[in-house]
Structures are given as C-alpha cells and as structure tokens.
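Please keep the sequence and the coordinates open while reading.

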Amino acid sequence: MSVATTIASVDEIAEGKGKAFDLGEKRIAIFNVAGKFHAIDDECPHAGASLSEGHLEGGNIGCPWHYAEFSLETGAVGCPPAAAGVQCYKVVVEGEDLKVKV
C-alpha cells in the first residue's frame, strides 16, 4: 500500500514547468500541466539526465540531453533513444500541499 507524502506546495511549480524533489532515496520530478500535477522518476533511463529540466510538450516530457520523450500519464517512452519508460506516481492536491503516493 502506498503512502501519500507531502513533497511541495502548489505554488512551488509554475504552470508549464517541472521541479525535482528528494523523497527518501528517490528523486521525483513534478510537473504542472495546465494546473494538473504529474509525478515521475526524475532520472532519464537512457543516460541519467534530470527530466525536471526537460521540455514539456502536451502531456510529454522531453529529456534535455538526448530528447527521449516520456508520457507524464503512463511513464511510457514515446521517442528514442531511451529504451525503457519511467515510473509514474499519483499526485494528490490537499489545500496548497502536493502529496505523492510512492
């Protein structure tokens, strides 16, 4: 059973942007897409780039190093060179708090 942990506040992540946070031993990237928040593993499985520094386009995040793309809804890889997707996490908004279920 996953536990929701407060990781940030709503105003910490501007619309159309992402930001990385440490949650235990995990590094999680949270993105604000038109007021909806998404959380995925921050590390690109191809070469280790921080996905929170990538470019958002629609519901996808593009790796800033080699342009692999990942769905923010499913974590699936949509464009090489990454061969594997990333883990997605459920984000719960409670008041001004962003909680992530890991």
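## The charged pair of K19 and E12

K19 is partly exposed, with a relative accessible area of 34%, where buried means under 20% relative accessible area, exposed means over 50% and partly exposed lies in between (1.4 Å probe, protein chains only). The side chain of K19 meets that of E12 in a salt bridge, at 3.6 Å from N to O; a salt bridge is here a side-chain nitrogen of Lys or Arg within 4 Å of a carboxyl oxygen of Asp or Glu. E12 also counts as partly exposed, at 35% relative accessibility.

## Basis and confidence

The model is predicted, so that local features need pLDDT of at least 70 and side-chain atom pairs count only at pLDDT 80 or more, while totals for chains, interfaces and linings use all residues. Residues are numbered from 1 along each chain as its sequence is written, and side-chain values use heavy atoms, with hydrogens and water left out.

The mean pLDDT of the protein is 95, and 99% of its residues reach 70 or more; pLDDT is the predictor's confidence in each residue, on a scale from 0 to 100. Strands (E, at least two residues) and helices (H or I, at least four) are DSSP runs, numbered from the N terminus. Where pLDDT is low, the predicted coordinates should not be read in detail.

## The four-stranded open sheet

Four strands form an open sheet in the order β5-β6-β7-β8, and their pairing is antiparallel; two strands pair if DSSP finds at least two bridges between them. β5 (55-57) and β8 (77-79) stand at the edges with a single partner strand each, so one side of each is left without a neighbour in the sheet. On average, and with direction ignored, neighbouring strands of this sheet are turned by 30° against each other, the axes being lines fitted to C-alpha atoms (for helices over the stretch in contact) and angles running from 0 to 180 degrees between N-to-C directions.

Within this sheet, β6 (residues 60-62) and β7 (residues 69-71) pair in the antiparallel sense over three bridges. N60 stands opposite S71 in β7.

β9 (residues 88-94) pairs in the antiparallel sense with β4 (residues 36-41) over two bridges, and the bridge partner of I40 in β9 is C88. β9 also pairs with β10 (residues 97-101), again in the antiparallel sense, over five bridges. Along this pairing, V91 stands opposite V100, and V92 has K99 as its bridge partner. β10 is in turn joined to β1 by five bridges, the two strands running antiparallel, with A8 opposite L98.

The hairpin of β9 and β10 has two residues between the strands, and in it G95 takes a positive phi near 65°. G95 is exposed, with a relative accessible area of 61%. From G95 to E73 the separation is 22 residues in sequence and 22 Å in space, C-alpha to C-alpha.

## Further salt bridges

A search of the whole structure finds five salt bridges. One of them joins D42 to R27, with the closest N and O atoms 3.9 Å apart. This pair links distant parts of the chain, 15 residues apart, since D42 lies in the loop between β4 and β5 and R27 in strand β3 (residues 26-33). D42 is buried, with a relative accessible area of 5%, whereas R27 is partly exposed at 41%. D22, R27 and D42 are linked in a network of salt bridges.

K99 forms a salt bridge with E94, the closest N and O atoms being 3.1 Å apart. K99 is buried, with a relative accessible area of 18%, while E94 counts as partly exposed at 42%.

## Nonpolar cores

The largest nonpolar core has 14 residues, and those with the most contacts inside it are F31, I40, C44, L51, I61, C63 and F70. Such a core is a set of buried Ala, Val, Leu, Ile, Met, Phe, Trp, Tyr and Cys residues joined through side-chain atoms within 4.5 Å. A second, separate core of 13 residues includes I7, F21, I30 and V91.

I40 touches residues that include F31, L51, I61, L72 and V86, not counting residues up to four places away in sequence, where contact means heavy atoms within 4.5 Å. R27 and C88 are also among the residues that I40 touches.
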